[in-house]
Structures are given as structure tokens and as C-alpha cells.
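Keep the sequence and the 3D view open, and try each task before you look at its solution.

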Amino acid sequence: MEYKEGMSYTEYTHLSFAPSVPDAMDPRVMAWLIRRHGLEMTHLSRGSHIGSIFSVAEIMAVLYTRILRVRPDDPAWPERDRLILSKGHAGAAVYAALAERGFFPVETLRTHYQNGSHLSGHVSHRGVPGIEFSTGSLGHGLGVGVGTALGLRMDGLSSHTVVVMGDGECDEGAVWEACLQGHQYALDRLVAVVDHNHMQSLDFCENTLALEPLDDKFRDFGWFVQRVDGHDVDALENALRIAYAHQGTPSVIIADTVKGKGVSFMENDILWHYRTPQGEEYEAALRELEAQRP
Amino acid sequence: MRDAFVRALMREAKNNPRLVLITGDLGFGVLKPFWEQFPSQFINAGIAEQSMVSMAAGLARTGRTVLVYSIGNFPTLRCLEQIRNDCCYHEADVKIVCVGGGLVYGSLGMSHHATEDMAVMRALPGMRVFTPGDPAEVEAVVPEMLRTPGTCYLRLGRGGEKCVHESPIPDYHAPQALVLREGTDTALISGGGILTQTWEAAAILEKAGVSCGVVSLPCLKPLDTDTLMTMAQRLRHIFTVEEHTVIGGVGGAVCEAVAECGIPVQVHRIGMPDTYATLVGTQAYLRAQYGISAERIAQRVMQTLHG
């Protein structure tokens, strides 16, 4: 059946039911926890990138509560889905989701950035159960995802590989190399999600290297493209389920998000790519998040 | 050397279905036997070295041994960060294979000259560097490299080199340095395809009355310091020979080892000076111009020993 915009998972797949839910936690709760942990972690560590941690929160939340087949008690389960966070600077968001899913104790999050910790600012797999791949330099994750999806297919596994990327990251040529390869090898169990918060390191994407129409670019590379509100957990879940079911080509979901989403004064402000929440600003952010507690 | 590589690889692939060869759209006429016999173990990644290496790391993470094949600097410098972050940091079972180490692609120009690759690959933590000197060493090194877990670099010469070793090398274990001939006056320590010139240089020196040992380093990192130091402690001068700049490659590795061993031997590095080849010509022509033909190597040794 041909995909039409706005179609639900059940309409698209003709299935009368959705696959089983891997975790009972509501993705809205998980998204809130990711932000709450992210604020605390960047505050304690005097770390940066809170804007990206907040923009990707719903994407991570839906993946870890509704989509990814993973086993917290068996992180190396061969049939698991693989999540590669290609925008490694939002590592805190994955660490928080993994901790809340029980891969390691939530208290470990407090060690983020600290001397002797495993939780580096950019995501690292060393000593962190559930992290598939270390990233930090942009433009690597999709290529790694292509190789992972190829290998899983060679093994006859139905596991999916999900790569979460940034939009600024799409400036990197290696992203488009991997796009060509993913399409060439018809990797339909490869799903990319672009956290499209419209901002990169110094400015808005459109003022730097204009990416729009980003969906058309991926479409021209032969990918199956959906575009959703990246803070709408139902829309994200639906799009991810459709992408999982899609056959013949890899899928990409352009998730339109807001950098710094959740704290009014951080939203759409490039400062919060770098700034660490301290003092009055930390208190104000905490008040705003606590007011949103689900 | 590249044909010896493909032969050795095909023997291994037959017994290991989890071995995958990826090419960066190169290897016309060389890899054909492989892709014909093992189509399901072969991937052409296109002209996209960066994502090719990321892909190799991803594939390796699914429990495979992945070889990445290209020429010159394309499988190393073009995708250096992917090798560092995606392969070495993850201890990924990826073997980077370069055909055309040194000045092999002479007339094609400096873009195709791999004259810093050993230094750069050697600098990466976790990377093992294999630099076989002739087809016999290639056949010995390939199975050893495939037995070695983690990320490795294999530097090959071209096709059609003569074998310096008269017979196959049995039971090679890295990082063993291979002593091809003993000498009482000095020794030439060679890494990579320049071994043919090193070997001929030793013969020239022998005729001139200089007793000259020859050691080949099929494995440059880690380095077989035991063999080298046992030999060096009997000598006052040793010479390193490489088709590479004199910085950070064979000469660099040997100097580091000698300096830490406290042996009073002087190391002379024979190789490309700290420059790019700006002249145009065949590999043989460029070797002569840059001081690494057999005659120029022998000359340099004579000058150093006898002034």
C-alpha cells in the first residue's frame, strides 16, 4: 500500500493491531525524565548541549518506551534493535533513557563528565551497558548504521537499526555517502531520525548551510521519508512504526523540533548549545520543568 | 603483492563465511576472482571512503572480520577519523588494506603516493601495522593478520614484484622480524615493498666488500625489538629503508626502540626526505631520484661507513 501523509500505522500496514509494547512507561513521562535528568546532569557537570538534549527528548523517549526491542538485563542480546546516537553531544539523553529503562542505576547519571566516570559528554560505549556505539564527531553514525543493518540482514535477523542524527550534522558529506549506500543495499531495516531543531553550532541551519527542503533531499536519495512534529509522541510512535514496517528502502523521519524545548528561555536560543544551567537560570529551568511534571 | 594478498584472502574466506571484503570501487582485475567466488562476502562501497570505513565498523560489530580495500591514501588519510573513532576505539575487527604503498603509482602524481601512511597508522592506539616486503611475506602475514583481533593496517606494494624469500615462510607470528641475511659490518632494516631494493643494495655492498645484513619487518607495530636489538648491539651503524618519508615510519619506529634500549648504535634513516614527490616518473625513476633505489641505498651506506 502506498503511504499517504497522515496515514496511521494500522492503515499503512493493514494490521489490526500494533506490535507489543516493550515498556509500560508512558513516553511523555520518559521525555520529562530525560529533560529532568538532562538539566541535573548538565548542572552538576557544568556541561553543555542542553538545547540538543531537550530537542531530542521525545524522540529518545518514544524509541526507548515504544519501539526498540532491547533487554536491559541482557544488553548484548543478539536479536536486539540497535540505536546509534550519531549526534553524540546529546549523549545525556540516551544515558538518561537507558538508566530509566534499567540498563544501569539512575544514580550513575550523577557521574556524567566527572573524573573517572564512563559517562562522557559525547556518547561512549566503554563501560556503559546499552550504548551501541561511541560518537561525537558528526557524520559517522549513519555509515555505521548502514554496516550494522547489513550485518544483521546477513545474519537473517529481523532487528532494526535506528540512527538518530542532528540536522547540522547533515552538512557532513559522509551522511550523504551513507544515504547512497543505504539505498543501494535496500536496507529497509535501517531507520534514520533527524532531530531537526533548525539550529546548529553558531546559527540557524538556514543561515549556515540551508538544508531545506530536507525531506526532498532524502527522497531524492531514494529514502522513504516522513516528516513529523518531533515533540508529538503519538506522531513519532506512528511514524516509527510505519518506518519499521516499510519495505524495500531505508526510512528517514524528519522530526521538527525546538532546540531547548521545555524551558521557555532556552528555546530557540543558540546560547543554550553551550551554556550550562547554573544559579538563577538553573532554578528557573527547574521550576519550569517541575511545573510540567506528568 | 596484491595478487598474493587476494590468493591468501581467498584461502581464508573459504573457511570463514564471516569474512567480508569491501572495496572502495577499486581493484579492477585484482579482486575479480574474489567477488566471483564469494559474492555474498563482497561489497563495493562506491567512491565513498568515509562511510565505507564507518560501514566496515558497523559490520564488524555484528561479529565479522571486515577488510577494506583501496589504493594509495584513500583507505587511510581520506577516512582517518573513521578509522580512529569507529574502528580503533571500538576495537573493531577491521583490516585496512592499501595497495600502492610508497611511490607505486609514480606517474599518477603525489595524490596517489602513500608516503606518510605508516607514520599516521602507527600513531593510532590499538592499530597494528603490517608492512610485508614481498609476495611471500604477504602470504605469511595475511592469515596472521586475520587471526589478530582488532583493527589492523596492511600496506601492500603493487603487482608483479619478485620474491626475495626463496621459499614460503612457514608459521609466521607477528611481530617477528625476518632476518634474510646476516652481516658483520652493518645491517639494512626494511619495511614494505622496498625490500627488493634493500636486498639488491646488500648484494652491491657485498661486492664492494661490506658485509651487510638484511632484516625485513613484515610487522611494524608492534615492533620486534628483541630481534632488532640482538642484531644492533653487535653493530655501530644500522640503516632503515622505507618508501615513505623518514618521519614516523620504519626509521621512526626503529629510532624510538633503539633510543630506549641504550645500545650505542647509530641509526641512519634512508627514505623520502620530508617532502612530496614533485617530479614525474615511474616508481623506479622516483625511487632513484629520492634516494631509495638499490644503487642509491648502497651509495648512502658506503658514504656513511667510509666517508
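Domain bounds here come from an automatic or database domain assignment. Keep in mind that the model is predicted.

**Exercise 1. Domains of chain B**

Find the domains of chain B, and describe how they meet.

*Solution.* 
- Step 1: Begin with the bounds. Domain 1 of chain B covers 2–156, and domain 2 covers 178–306.
- Step 2: The C-alpha centres of domain 1 and domain 2 of chain B are 26 Å apart.
- Step 3: Look at the contacts. On one side 25 residues of domain 1 of chain B take part, and on the other 32 residues of domain 2 of chain B.
- Step 4: Ask which elements of domain 1 are involved. On its side touching domain 2, α5 (117–122), β5 (128–130) and α6 (135–147) of chain B give two or more residues each.
- Step 5: Sort that side of domain 1 of chain B by class: there are 11 nonpolar, eight polar and six charged residues.

**Exercise 2. Where the chains touch**

Which helix of chain A gives the largest share of the side that touches chain B?

*Solution.* 
- Step 1: Take the contacts between the chains. Here 18 residues of chain A meet 20 residues of chain B.
- Step 2: List the elements that supply at least two residues of chain A's side: α6 (141–154) and α7 (173–184) of chain A.
- Step 3: Pick the main contributor. With nine residues, α6(A) has the largest share of this side.
- Step 4: Check the classes. Chain A's side that touches chain B holds seven nonpolar, nine polar and two charged residues.

**Exercise 3. The build of chain A**

*Solution.* 
- Step 1: Compare the values. For 294 residues the globule rule gives 19 Å, and the radius of gyration of chain A is 18 Å, close to that value, so chain A is as compact as a globular protein of that length.
- Step 2: The C-alpha trace of chain A spans about 55 × 45 × 35 Å along its principal axes.
- Step 3: Look inside. Of the 294 residues in chain A, 51% are buried.

**Exercise 4. One residue**

Is Gln292(A) buried or partly exposed?

*Solution.* 
- Step 1: Locate Gln292(A) in the segment after α11 (279–291) of chain A.
- Step 2: Recall the cut-off: a buried residue has 20 or more other C-beta atoms within 10 Å of its own, and an exposed one has 12 or fewer.
- Step 3: Apply it. Gln292(A) has 13 C-beta neighbours inside 10 Å, so it is partly exposed.
- Step 4: Find its partners. Leaving out residues up to four places away in sequence, Gln292(A) touches Trp32(A) and Gly262(A).

**Exercise 5. A sheet in chain B**

In what order do the strands of the five-stranded open sheet of chain B lie?

*Solution.* 
- Step 1: Read across the sheet: the order is β7-β9-β8-β11-β12 (chain B), with mixed pairing.
- Step 2: Identify the edges. β7 (178–181) and β12 (266–272) of chain B each pair on one side only.
- Step 3: Zoom in on a pair. β11 (residues 237–245) of chain B and β12(B) run parallel, joined by six bridges. Ile238(B), for instance, has Val267(B) in β12(B) as its bridge partner.

Notes:
Residues are numbered from 1 along each chain as its sequence is written. Chains are lettered from A and ligands numbered from 1 in the order in which they are written. This is a predicted model: local features need pLDDT of at least 70, side-chain atom pairs count only at pLDDT 80 or more; totals for chains, interfaces and linings use all residues. Two residues are in contact if their C-beta atoms, placed from the backbone, lie within 7 Å. Helices (H or I, at least four residues) and strands (E, at least two) are DSSP runs, numbered from the N terminus. Ala, Val, Leu, Ile, Met, Phe, Trp, Tyr, Cys and Pro count as nonpolar, Asp, Glu, Lys and Arg as charged, and the others, Gly among them, as polar. The radius of gyration is taken over C-alpha atoms; the globule rule is 2.2 Å times the number of residues to the power 0.38. Two strands pair if DSSP finds at least two bridges between them.
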